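Reader: Could you walk me through this model and say where its labels come from? I would like each term set against its cut-off.

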Amino acid sequence: MKKKMKLKGHVKTYILFGIYLGVLLCAVDIAMFLIDIKAGLLLCAYLVVYFAVTLSLQFYNKPILMNELISFATEYGQIQRKLLRDMDLPYALLDDNGKVIWTNIAFETITHQPKGYRKSITSLFPTITRDRLPDDSDVDEAQYELEYEGNEYVAKFKKISLKEMAEHSDMIDAEGYDGYLIAVYLYDETALHIALQEVDDQSLAVGMVYLDNYDEALEGVEEVRRSLLIALIDRKVNKYISAYDGICKKLEKDKYLVIMRKRAIAQLQETRFDLLEEVKTVNIGNEMAVTISIGVGVDGLTYAQNYEFSRNAIDLALGRGGDQAVIKTPESITYYGGKSQQVEKNTRVKARVKAHALREIITGKDQVLVMGHRMPDADSFGAAVGIYRIALTLGRKCHIVLNDVVPAIQTMVGLFRNNPDYEEDMIIGSQQAIEMAGSNTVLVVVDVNKPSITECPDLLRFCKSVVVLDHHRQGTETVENATLSYVEPYASSACEMVSEVLQYTYDNIKMHSEEADCLYSGIMIDTNNFMVKTGVRTFEAAAFLRRNGADVTRVRKLFREDAMEYKAKADAVSQAEIYKQCFAISICTAEDLPSPTIIGAQAANELLNIRGVKASFVLTDYQSKIYISARSIDEVNVQIIMERLGGGGHLSTAACQMEGVGIIEAMGALKRTIDSMLENHEI
C-alpha cells in the first residue's frame, strides 16, 4: 500500500500561524509605505528578520514536532490497545480474507489459543465461513448465533474501512489507503438462553384425557364391579399425571382436564406417552381393554389459547380413531400412539342425528353439489351416488363433480350416462360446479377430509355450506368451518356411512338398482370382499342395500379385470421383497395400463396373504409421481408410516404420493422410515 503522511487540520493551522501572520504584516507594510516611507522601510526590515526567524524555526522544529506528535499518538494508541486487550468482551480483528490478525485476552481465553494466533476464523468456528463475513458489498455488518464448547454466543462482525479510518484522523492524511478490517465481538448469551428456557419450561400446558370406549368396556363387566374398574382407571391416570408434577381433574365420567408444565410435556414425549399402554393393563375381568386419547395444547399466547389447542388436539385424536396422543402448537401438530384398531360402536344414534342434520341442511338450500377425491374409486363415486339419491328424494337438484372418469369407475359411471332415468347434467366438471356454487348451494364432500386432494379444492371456497362424510382418519389438513362433519374411522367405507344415513334421512326411501349396486360396490372394494375392517354395521348396511335392489352378481361383473391387469398384479406379487422379515415391498410396473395405482393397491392386498407378512407396500410410478399403497391386517399401523411420507389413511389401509423422486429413491425413503420407526418403537 502507498502511504504519504503530512499534517492537517488544527495542528497544521497552528504550526503555520506565524507564516499567516507574516503575510498579514506584509499587507500592513504596503499600507505603511503610502503613509510614511521611512516607517514602511523600518517595518520592511522587521519583516525580513521575522520571516528569517520563523522559517528557520519551521525548518528545524518541524521534525521535532512530528516526532512529538507521533510519540503522543503512539502513547494514546497504546492506552487504547491496553484497554482493548484487557476488555472483558471477547474481541478480535480479521483481515478481509477472514484471517485473525489480533485478539484480546478474553478472546484468547474462550478459544484457548495463544497470543499471536494467525489462522482463519473458520478454524475456530466452522459455521463462520468466508462467504458469511462482510465483504466488498454494501453490507457492513453481520450477526450469527453459534455454539462453542457448550456455550452459546452471538457473534457480531463489523467491517472497518482503512480509508475511512484515515479520513477521520485529525493529524494524518492518508492517500491511497485501500482494503478493510473486520472487527469481531462475541456476546455470551448462555445464561440468557438458560433463563429463557427455564421460563419456557415453566409455562402452562393444558391437556384433555378422554376414555375412548368407556361404555363398551363397562358392558363386559359385572355391575357390582364397574365402580372398581372406574376407580382403577382414575387412580392410574391421576398417579401418572402426579408423577410429572401435574394436576388432573375429572370433568365427566370419561373426561379429565390436565394442567402441567411444558417441561413435563417434553418428558412425556420422551416416553412416547406410555400412559396409552399403561391404561390398557387395567383389567378386572373386562373383555375389552380400556383405551384413552390425549390432547395437549402448548406454546399458545394465552392460557385460553392453550386450552383451545388442547380441545382441537383431542378432537383430532378422536377423529383419528383414538388410542393416541396429539400435541398441538401454533406451528405444528405431533402424533403419538394410534396402534389399536378403532372399536366399532353398535349404536346408530350418531348416524341418525347426522342424517337429520343433513336433511335440514339440504332442504334449506336450492341445490346440492357432491364431490369425492381425485382419481375417484368405487367408494368415492358410490357414496356420491348415495348423496345424489338423498337430494333427489328431498326434492333438490343435485350434481356430482367429476373431472376425469378413471378406468376404475368407468363401468359404474356408464350405468348413469345415457340412462333415461337420470338427467344429462347429473355428472359435471369443476368449472361448471364453480359457476353453480353460491349461497344457496350446499357442497357435500365424501370419502375424503383433506381439501388438497378433493376433486375441486377451489369449490370449498365458493360454497358457504359444506358437509363432510368420511371414514378416513383425520390428519393435520382438514376441511375448515364445515357446517356438518361426520368422520368415523371405525366405518369400513364411505358407502357404509352413506347407506346408514340413507335409512334415517327419509322414511321408506326408494333406490334404483344402479344406485344400490354402486353403494354395495364401494363397500366390497374398501373391505376387500368383506375381509378387512368389516363389522356388524357393515353387514347391516350391505343387507339394507340388498333389500333395495343391489345384486352381488352384477357387482362382481363391474370389477372383473382384463388379462393384462391381472398379469401386472401377479408380477408385482411375484417380485416382492420381504424386508425385515415381516414387510413385503414391491414395485408395480403397469405403465401401459390405464389405472396402475389400482393394480398396485390390489397387489398390496394380495401380499398380505403371505404367511409372516405384517404389512405390505407397493410402489407405482404414474404421471411423474410415485404412488405407495400400504396395507396391513392388525399388527402394524400403516397410517402413521404413510403420514411420515406425506400421506395418510387408515390403520390398516393407507397411501401416499411422492413427487420429484425416482422409484428407487422412494423405496429407500420408505425403508429408512420403517427402520427409524422400528428403532423408536413407533410401530
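Author: Gladly! Let me start with strands: two of them pair if DSSP finds at least two bridges between them. Please keep in mind that this is a predicted model.

Reader: What makes β4 and β5 a pair, then?

Author: Nine bridges join β4 (residues 151–161) to β5 (residues 180–188), and the cut-off is at least two. The two strands therefore count as paired, and they run antiparallel. Within these strands, Val154 stands opposite Tyr187 of β5.

Reader: Which order do the strands of the open sheet follow?

Author: The order is β2-β1-β5-β4-β3, five strands with antiparallel pairing.

Reader: What makes β2 and β3 edge strands?

Author: Each of them, β2 (100–103) and β3 (141–148), pairs on one side only. On average, neighbouring strands in this sheet are turned by 25 degrees against each other, direction ignored.

Reader: Now to a residue. Why is Asp379 called buried?

Author: Its relative accessible area is 0%, and buried means under 20%. Asp379 therefore falls in the buried class. You will find Asp379 in helix α14, which covers residues 378–393.

Reader: How do you know that the side chains of Asp379 and His471 make a polar contact?

Author: They are 3.2 Å apart, and the limit for such a pair of N or O atoms is 3.5 Å. That distance is therefore within the limit. A polar atom of the Asp379 side chain also lies 2.9 Å from the backbone nitrogen of Cys495. Leaving aside neighbours within four places in sequence, the residues in contact with Asp379 include Asp447, Ser493, Gly522 and Asp526.

Reader: And why does Asp458 count as partly exposed?

Author: Here the relative accessibility is 38%. Buried is under 20% and exposed is over 50%, so Asp458 lands in between, as partly exposed. Asp458 sits in the loop between β15 (441–446) and α17 (459–462). Its C-alpha atom is 7.8 Å from that of Ile434, although the two residues are 24 apart along the chain.

Conventions:
Residues are numbered from 1 along each chain as its sequence is written. This is a predicted model: local features need pLDDT of at least 70, side-chain atom pairs count only at pLDDT 80 or more; totals for chains, interfaces and linings use all residues. Side-chain values use heavy atoms; hydrogens and water are left out. Helices (H or I, at least four residues) and strands (E, at least two) are DSSP runs, numbered from the N terminus. Buried means under 20% relative accessible area, exposed over 50%, partly exposed in between (1.4 Å probe, protein chains only). A polar contact is a pair of N or O atoms within 3.5 Å; within protein, one must be able to donate a hydrogen and the other to accept it, and residues adjacent in sequence count only if both atoms are side-chain atoms. Contact means heavy atoms within 4.5 Å. Axes are lines fitted to C-alpha atoms, for helices over the stretch in contact, and angles run from 0 to 180 degrees between N-to-C directions.
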